[in-house]
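Trainee: I would like to go through the labels used for this model. Please set each one against its cut-off.

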Amino acid sequence: DIASPFALKFEVLNDGTLLVAELRDSLAPDYSAMEHRLKNDILFFLGLENVKARDFLFYWPIVKNSKLNQSRQDVSQALAGIIDARFGVQSRFERVILLGSNAAEFMLERHDKFELREKMIVSYRLADMLDQPLLKKHLFSKINSPINNSLTNSDEAGSSMEINGPGELS
């Protein structure tokens, strides 16, 4: 199963939040202006400041060569190596926000490697929320629900994972 090209933007915010967002364009050097604004709106809605401590992009395929293996398993292995190199084998974050199906699929495989103080939020790609505003409304209503507010204050690491979106884990 060959993995389609995609790009993930990783941002570690000063408060310890890890944000992983799938970009609209698999060759994009960064967010589009509208994606950037929506990302900032989401962070603001969560009460987070958008002050990056560090960030990087992950592009798949890493090398464009049809003779190399480019399966979803290869993506997973490549991403695991990069994450371990960037964050360490056991990573500590206040919360993790995953936006987009590729961000969700490949990062949720590693969720046991994250020590979380708060919940993990998984939702649609920023571009999808811009194209279909009801998806954005769905995310904001999930974040604002009384259940989520109680989960936000959870002290048990990893105990409060919130998964939003069709076809994603629940």
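Trainee: Leaving aside neighbours within four places in sequence, which residues is Phe-10 in contact with?

Mentor: Contact means heavy atoms within 4.5 Å. Phe-10 is in contact with Leu-18, Leu-19, Val-20, Arg-54, Asp-55, Phe-56, Phe-58, Leu-79, Ile-83, Phe-87 and Met-107. Mind the source: this is a predicted model, where local features need pLDDT of at least 70, side-chain atom pairs count only at pLDDT 80 or more, and totals for chains, interfaces and linings use all residues. Residues are numbered from 1 along each chain as its sequence is written, and side-chain values use heavy atoms, with hydrogens and water left out.

Trainee: Why is Phe-58 called buried?

Mentor: Buried means under 20% relative accessible area, exposed over 50%, partly exposed in between (1.4 Å probe, protein chains only). Phe-58 has 2%, so Phe-58 is buried.

Trainee: What makes Phe-45 partly exposed?

Mentor: Its relative accessible area is 37%, so Phe-45 counts as partly exposed. Phe-140, at 18%, is buried.

Trainee: Why is the pair of Phe-45 and Phe-140 called edge-to-face?

Mentor: Rings of Phe, Tyr and Trp (its six-membered ring) pair if their centres lie within 6.5 Å; planes under 30 degrees apart count as stacked, over 60 as edge-to-face and the rest as tilted. Here the centres are 4.6 Å apart and the planes at 65 degrees, so the pair is edge-to-face.

Trainee: And why are Phe-58 and Trp-60 stacked?

Mentor: Their centres are 6.4 Å apart and their planes at 20 degrees, so this pair is stacked. Phe-58 and Trp-60 also belong to one aromatic cluster with Phe-6 and Phe-106.
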